[in-house]
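Trainee: I would like to go through the charged side chains of this model and how they pair. Please show the sequence and structure before we start.

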Amino acid sequence: GIPSDATMLQNCEKIVCPIKGVDFAITVYGDSMAPEYQSGSKVLIKKIDPSIFIEWGKMYVLDTSNGVVIKEVRACEKAGYITCHSLNEDPKYADFDVPMSEIYGMYKVLMCISSK
């Protein structure tokens, strides 16, 4: 039942995790979430069931039909949608809405690891 364009386990890098309860670690690319989440950082994530509860205003990784994004998730006025917010205040990273029907997986960000 997994869509062919979803992120698969065999495409993931394995790392030693410093905390419990983590499902995956992914690498952040781009600067839409700078300065808190720098490009090249790794985020440790835990899959959630968004139909039960979404903690608004928190960071999530969304596996969508258009690819994987890390964003602050906010409630949306449109039914069946969520609003994705970037931390970088550059206007090119404006908020956008995503239909819940296009989200294959939703993962809460538990920790960010960055190298200096």
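Trainee: Which residues are linked in a network of salt bridges?

Mentor: This is a predicted model. Side chains of opposite charge can pair when their charged atoms come close. The network of salt bridges links Glu72, Arg74 and Asp95.

Trainee: How many residues apart in sequence are the parts that Arg74 and Asp95 tie together?

Mentor: Arg74 belongs to strand E4 (residues 67–75). Asp95 sits in the loop between strand E5 (81–85) and strand E6 (96–99), so the pair ties together parts whose separation in sequence is 21 residues.

Trainee: Is Asp95 buried, partly exposed or exposed?

Mentor: Buried requires under 20% relative accessible area and exposed over 50%. Asp95 has a relative accessibility of 40%, so the class is partly exposed.

Trainee: How many salt bridges does the count come to?

Mentor: The rule asks for a side-chain nitrogen of Lys or Arg within 4 Å of a carboxyl oxygen of Asp or Glu. Among the pairs is Lys46 with Asp23, whose closest N and O atoms are 3.8 Å apart. By this rule the count is five.

Trainee: Where does Asp23 lie, given its pairing with Lys46?

Mentor: Lys46 is in strand E2 (residues 42–48). The pair ties together parts 23 residues apart in sequence, because Asp23 lies in the segment before strand E1 (24–27).

Trainee: What is the distance between the closest N and O atoms of Glu55 and Lys108?

Mentor: Glu55 is in the loop between E2 and strand E3 (59–64), and Lys108 is in strand E7 (residues 103–113), so by the strand assignment the pair links distant parts of the chain, 53 residues apart. Glu55 is partly exposed at 26%, and Lys108 is partly exposed at 24%. Their salt bridge has its closest N and O atoms at 2.6 Å.

Trainee: Is Asn88 buried or exposed?

Mentor: Asn88 is found in the loop between E5 and E6. Beyond residues up to four places away in sequence, Asn88 touches Asp31, Ser32, Met33, Ala34 and Tyr93. Its relative accessible area is 18% and the cut-off is 20%, so Asn88 is buried.

Trainee: Which residue has its backbone nitrogen 3.0 Å from a polar atom of the Asn88 side chain?

Mentor: A polar contact needs N or O atoms within 3.5 Å. The distance here is 3.0 Å, and the backbone nitrogen belongs to Asp90.

Conventions: Residues are numbered from 1 along each chain as its sequence is written. This is a predicted model: local features need pLDDT of at least 70, side-chain atom pairs count only at pLDDT 80 or more; totals for chains, interfaces and linings use all residues. Side-chain values use heavy atoms; hydrogens and water are left out. Helices (H or I, at least four residues) and strands (E, at least two) are DSSP runs, numbered from the N terminus. Buried means under 20% relative accessible area, exposed over 50%, partly exposed in between (1.4 Å probe, protein chains only). A polar contact is a pair of N or O atoms within 3.5 Å; within protein, one must be able to donate a hydrogen and the other to accept it, and residues adjacent in sequence count only if both atoms are side-chain atoms. Contact means heavy atoms within 4.5 Å.
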